[in-house]
Amino acid sequence: MSVTEMFTYIQGFLSADQDVREDIRKVVQILEQTAREMLTVLQSVHQPSGFKEIPSKCAKARELFCTVRTQIADLKTKFPVEQYYRFHEHWRFVLQRLAFLAAFVVYLESESLVTREEVAQILGIEVVREKGFHLDVEDYLAGVLIMASELSRLAVNSVTAGDYNRPLRISNFINELDSGFRLLNLKNDPLRKRYDGLKYDVKKIEEVVYDLSIRGLAKESESGADK
């Protein structure tokens, strides 16, 4: 093979690779749009009247997850299954965002932590790497950490809405979450930096709870819940 033939072959390989990446980017852009729509729906729970609408907003988000599963099914067809990590950078951000949205919906519904398996089921993907398009454990953890930040905001807005008991429950949940992450030896730099943000979320929620305690509102809420 001559030098010209060799570089012509390489150019063909590069062009084919670029075509695959372009096809992936188009589907990812659609996924990102659906994720933005879902976030818009869920953001309304932060409004004073939003707490009463939590069930309906979660139901709407669940409907949008049906659309997400269809879009991810399309994404799976755009590249060879064994080359997941070669193209992972293209959908990593949106997958983390979708993991966050799934975690947030589950928390709003049950005030519990979604498992990686549950997120994978909601998104219509696998957990086990060998089975194909899957939810990487670091993407799952990133999604959970984004949710923690959203819950710190929810704790503040709960007080504004007159729901004084919710921040206490959020505080207990976030503290348990923080304890869990302390057990992990995080090597991933972006994930470790995001975990550093969890410390500020914990502090922010503790300040809300402390303020409620000083004002006697937390005790009133608790005694009201006992009646």
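**View 1. Contribution of helix α3 to the lining of the largest pocket.** In this predicted model, α3 gives the largest share of the lining of the largest pocket, 4 residues, where helices (H or I, at least four residues) are DSSP runs numbered from the N terminus. The elements that each supply two or more lining residues are α3 (84-110), α5 (137-160) and α7 (189-214). A pocket is here an open set of points on a 1 Å grid over the protein atoms alone, where a 1.4 Å probe fits, with protein on both sides within 12 Å along at least five of seven lines, and lining residues have an atom within 4 Å of a point.

**View 2. Residues and volume of the largest pocket.** The volume is about 200 Å³, taken as the space filled by probe spheres set on grid points that are joined across faces, edges and corners. Among the lining residues are His88, Arg92, Phe93 and Gln96, together with Asp136, Glu138, Asn188 and Arg194. By class the lining has 5 charged residues, 4 nonpolar and 3 polar, with Asp, Glu, Lys and Arg counted as charged, Ala, Val, Leu, Ile, Met, Phe, Trp, Tyr, Cys and Pro as nonpolar, and the others, Gly among them, as polar. Domain 1 (1-135) and domain 2 (140-218) each provide at least three residues of the lining, the bounds coming from an automatic or database domain assignment.

**View 3. The contact between domain 1 and domain 2.** The centres of the two domains, taken over C-alpha atoms, are separated by 25 Å, and the contact (heavy atoms within 4.5 Å) takes 22 residues from domain 1 and 19 residues from domain 2. Between them the domains bury about 1,900 Å², 70% of it on carbon and sulfur atoms, buried area being the accessible area (1.4 Å probe) that two parts lose on being put together, summed over both. On the domain 1 side, His46, Phe51 and Tyr107 lose the most area to domain 2, together 34% of what that side buries.

**View 4. Salt bridges.** The count between domain 1 and domain 2 is 2 salt bridges, each requiring a side-chain nitrogen of Lys or Arg within 4 Å of a carboxyl oxygen of Asp or Glu. The side chains of Glu111 and Arg166 meet in a salt bridge at 3.8 Å, N to O.

**Notes.** Residues are numbered from 1 along each chain as its sequence is written, and side-chain values use heavy atoms, with hydrogens and water left out. Local features need pLDDT of at least 70 and side-chain atom pairs count only at pLDDT 80 or more, whereas totals for chains, interfaces and linings use all residues.
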